[in-house]
Amino acid sequence: MGELKINLIQAKSVFIKSGLPGSDWVINPYNGCLFGCMYCYAAQIARWKHPNEEWGTYLDVKINAPELLKKELTKLEKRLKTKNFGSVFFSSVTDPYVGMEAKYQITRKCLEVLADFRYEGSIGIQTKSPLVTKDIDVLKKLKKVSVGFTVTTLDDKVSRFLEVKAPPITARIDALKKLHNNTISTYAFIGPILPYFINTEQKINELLNKLQEVGVNEVWFEHINLSPITKARLYQYLKKEAPELIPYFNQTDTKDYREKLEKIIQKALKGRGLKIGLGKVIYHRKLPKKK
Ligand code: SF4
């Protein structure tokens, strides 16, 4: 990977209508992400702004985001109040607790703005970083907040391999426990469901056992979603580091594979009393016709 580039930018808008399932608004305090996960779909979305830069090597810090959020909320106040505010999601094209958050605190300040505004809609924060626990004091001031961790494995070697610079999985599990112990609602986002590493009944059961042990009572599952750019980037990496895994990734786009996997998940979920995000496994795009 190339040299890291941190750009301080003035955003034009930060409280954006969301196209994501389950959320009405989205806030991205940053553009880009230094965690550089090999399967990251945001790498494709970000390309129009950074066409020549490698994903994971740059970060735009929206330095005016908190101030802008305050203005946008004030402007929308009447509409928000008549529509029960709507749910807010942090974030769709970055991780809101990427390491630079420790320095710039853009996410923290945005949460403070939402707390001061007495935002009544649900606020979901999804991250791979235990840095979120530094904001437990602010999270406690929000009316409805839930913190989700992306959990794709229980093995630090696997998380280091595919989520190259993200905090290891054991640190994420500890953070989930800390949030739960501080009465913050938590969930786990099991996505992408990795082939080879996690797609067996035994592995999924182990994962769910661990999550329940640290107080998680809601899980989201998402199939792997390889857009052309994401696939090219991932496969280039696999070819170099572990070519034997490519056939496992190749099969994830077939209907048979997905149906089999969903049966495994449903079986593993039985009797656990866990809430399932959106009530189903998420697809991002249509599958090809049955092969
Ligand atoms: S943490 Fe999320 S946004 Fe960042 S690289 Fe990984 S998948 Fe992409």
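Colleague: Where is the place of arginine 118?

Modeller: Arginine 118 sits in the loop between α4 and β7 (122-127). Helices here are DSSP runs of H or I with at least four residues, strands are runs of E with at least two, and both are numbered from the N terminus. This is a predicted model, in which local features need pLDDT of at least 70 and side-chain atom pairs count only at pLDDT 80 or more, while totals for chains, interfaces and linings use all residues. Residues are numbered from 1 along each chain as its sequence is written, and side-chain values use heavy atoms, with hydrogens and water left out.

Colleague: Why is arginine 118 called exposed?

Modeller: A residue is exposed over 50% relative accessible area, buried under 20%, and partly exposed in between, with a 1.4 Å probe and protein chains only. Arginine 118 has a relative accessible area of 65%, and is therefore exposed. Its phi is near 55°, a positive value in a residue other than glycine.

Colleague: Why is arginine 108 counted as buried?

Modeller: Arginine 108 has 15% relative accessibility, so it counts as buried. The residue is found in helix α4 (residues 106-116).

Colleague: What makes the pairing of arginine 108 with aspartate 137 a polar contact?

Modeller: A polar contact requires a pair of N or O atoms within 3.5 Å; within protein, one must be able to donate a hydrogen and the other to accept it, and residues adjacent in sequence count only if both atoms are side-chain atoms. The side chains of arginine 108 and aspartate 137 are joined by such a contact of 2.8 Å. Contact in general means heavy atoms within 4.5 Å. Leaving out residues up to four places away in sequence, arginine 108 touches Glu101, Lys134, Asp135, Asp137 and Val138.

Colleague: Helix α4 also holds cysteine 110. Why is cysteine 110 called buried?

Modeller: The relative accessible area of cysteine 110 is 0%, so the residue is buried. Apart from neighbours within four places in sequence, its contacts are Ile27, Ala65, Pro66, Leu69 and Phe90. Cysteine 110 and lysine 70 are 40 residues apart in sequence, and their C-alpha atoms are 8.3 Å apart in space.

Colleague: How do you know that the span of helix α7 (residues 169-181) agrees with its number of residues?

Modeller: The expected span is 1.5 Å times one less than the number of residues. For the 13 residues of α7 this gives 18 Å, and the end C-alpha atoms are 18 Å apart, so the two agree.

Colleague: Why is arginine 172 counted as buried, and which side chain does a polar contact join to it?

Modeller: Arginine 172 has 0% relative accessibility, so it counts as buried. A polar contact of 2.7 Å joins its side chain to that of glutamate 163. The side chain of arginine 172 also reaches the backbone oxygen of proline 167 at 2.9 Å.

Colleague: How many helices and strands are in the protein, and what percentage of its residues is buried?

Modeller: The protein has 11 helices and 11 strands, and buried residues make up 55% of its 291 residues.
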